Amino acid sequence: MDSSVIQRKKVAVIGGGLVGSLQACFLAKRNFQIDVYEAREDPRVADFTRGRSINLALSHRGRQALKAVGLEDQIVAQGIPMRARMIHSLSGKKSAVPYGTKSQYILSVSRENLNKDLLTAAEKYPSVKMHFNHKLLKCNPEEGMITVLGSNKVPKDVTCDLIVGCDGAYSTVRSHLMKKPRFDYSQQYIPHGYMELTIPPRNGDYAMEPNYLHIWPRNTFMMIALPNMSKSFTCTLFMPFEEYDKLLTSNDVIDFFQKYFPDAIPLIGEKLLVQDFFLLPAQPMISVKCSSFHFQSHCVLLGDAAHAIVPFFGQGMNAGFEDCLVFDELMDKFNNDLSLCLPAFSRLRIPDSHAISDLSMYNYIEVSFSRIRYHEAVQRWHWQKKVIHKGLFFLGSLIAISSTYLLMHYMSPRPFHYLRRPWNWIAHFWNTTCFPTKAMDSLEQTYLISR
């Protein structure tokens, strides 16, 4: 596509969060004119209260997207490598479960700092303009128009060639697409909520081993802790709302932690524990699926706007970043032709997005709140990998034999009945040995443990 045409293309990115700001970087590299509209204040100047800074696990998928826009080294330098999980039993015993080899790890990164860095990186492109405190009121992709409400409270119509919805799980862009024919949508809230707590530094250093994802599994609830560059840990308590509702006083909270997380009390401190617990209410978690991710050549959904998932697979942010990378690769493939790129993006990403959503929900049900021992889960996963490879081998054999049988059957006047017995043998093996039901049921269950 001619560069003069590209320069005339105007893109409105709705949402200046992690995915929106990263997508602005990708599109700016293609010399589009980008306007980012964010309903909230600029996080680089806003004075956020404590308890709202969430840590995220940055995996290889997310790093590849950051690498494509030249930001990987900068972000990695601000992250803490977590090379294993540290499991805290009720008795206080700790057990390390590595992710894999010594070179394999995930990064604990601050969501707030990452968002600030991405916004700053996007603004370095002269073709990117940020509009904070701008709320989307209307979205009309057929006419290439949006209506936004700025701090002056005067609605403003904006025309553009592409609308990119990166406005999260409760996306306004998606809500407008839901009115279009043949747009499928579903959502599900889970019974659990999450709450952020803090383990402060101890004598200027980490209060626990820093290079681990710390986990306190407790049947129907759990707590995790990720390290920060400030030598503190950000803890997240996942628990059914009905359990939160029982903890009404300071004594209730202390008694609850004494019973289920006794080793965490001296790490957090009773005063800070109570303060953080009542600072903000527990937040809900929602799973969203929709299809398609685009409308004609004028509108596309990325990140949580397209596929919000519960956090028990640790891939929400990484899947959103991968959306940006895949979209960019398709733009390369189709030479910036949006009429070809957008439908291809939906075809490519919807199966993957629905799969990670299902895996996250499955892990929520089967792993995060079960009593399976972690080392047993790892052993089971390794065994299942062998089963899968064995099963794929026999599947290939089955296809080869069946093809041979059919060919000979139709070429000969007499059917080869004697070949039917191997067919039955392989079918019997497939049903009883390769993929027994229990093994398949626990495949997704143990995958999270092994990552």
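**Close-up views of a predicted model**

View 1. Lys116 has 22% relative accessibility, so Lys116 counts as partly exposed. The structure shown here is a predicted model. Lys116 forms a salt bridge with Glu112, and their closest N and O atoms are 3.2 Å apart. Both residues belong to helix 5 (residues 111-123), where they are four residues apart, about one turn of the helix. Glu112, at 25% relative accessibility, also counts as partly exposed.

View 2. Arg30 and Asp328 form a salt bridge whose closest N and O atoms are 3.0 Å apart. Asp328 lies in helix 12 (residues 316-333), while Arg30 sits in the loop between helix 2 (18-28) and strand 2 (33-38), so the pair ties together parts that are 298 residues apart in sequence. Buried means under 20% relative accessible area. Asp328 has 15% relative accessibility and therefore counts as buried; Arg30, at 13%, counts as buried too.

**View 3. Further salt bridges.** The structure holds 15 salt bridges. In one of them, Asp42 pairs with Arg44, with the closest N and O atoms 2.9 Å apart. Asp42 counts as buried at 13% relative accessibility, whereas Arg44 counts as partly exposed at 25%. Elsewhere, a network of salt bridges links Arg61, Glu322, Asp323, Arg349 and Asp352.

View 4. The strands follow the order 6-5-14-15-16-13-17, and their pairing is mixed. Strand 6 (94-98) and strand 17 (283-291) are the edge strands; each has a single partner strand, so one side of each is left without a neighbour in the sheet. From one strand to the next, the twist averages 30 degrees. Strands of a sheet pair through backbone hydrogen bonds, either parallel or antiparallel. Strand 13 (residues 184-199) and strand 17 run antiparallel and are joined by eight bridges. Ile286 in strand 17 stands opposite Tyr189.

**View 5. Two helices on the sheet.** Helix 8 (residues 250-260) lies across strand 13, strand 14 (212-218), strand 15 (221-227) and strand 16 (233-240), at about 90 degrees to strand 15. Helix 10 (residues 270-277) packs on the sheet and touches strand 13 and strand 16. The direction of helix 10 makes about 155 degrees with that of strand 13.

**View 6. Nonpolar cores.** The largest nonpolar core has 70 residues, of which Leu22, Ile34, Ile146, Val164, Phe321 and Phe327 touch the most other members. Beyond its neighbours within four places in sequence, Phe321 is in contact with residues including Leu18, Leu22, Leu58, Gly62 and Leu114. A second, separate core of 31 residues includes Ile80, Tyr206, Tyr244 and Val253.

Technical notes. Residues are numbered from 1 along each chain as its sequence is written. This is a predicted model: local features need pLDDT of at least 70, side-chain atom pairs count only at pLDDT 80 or more; totals for chains, interfaces and linings use all residues. Side-chain values use heavy atoms; hydrogens and water are left out. Two strands pair if DSSP finds at least two bridges between them. Axes are lines fitted to C-alpha atoms, for helices over the stretch in contact, and angles run from 0 to 180 degrees between N-to-C directions. Contact means heavy atoms within 4.5 Å. A nonpolar core is a set of buried Ala, Val, Leu, Ile, Met, Phe, Trp, Tyr and Cys residues joined through side-chain atoms within 4.5 Å. Buried means under 20% relative accessible area, exposed over 50%, partly exposed in between (1.4 Å probe, protein chains only). A salt bridge is a side-chain nitrogen of Lys or Arg within 4 Å of a carboxyl oxygen of Asp or Glu.
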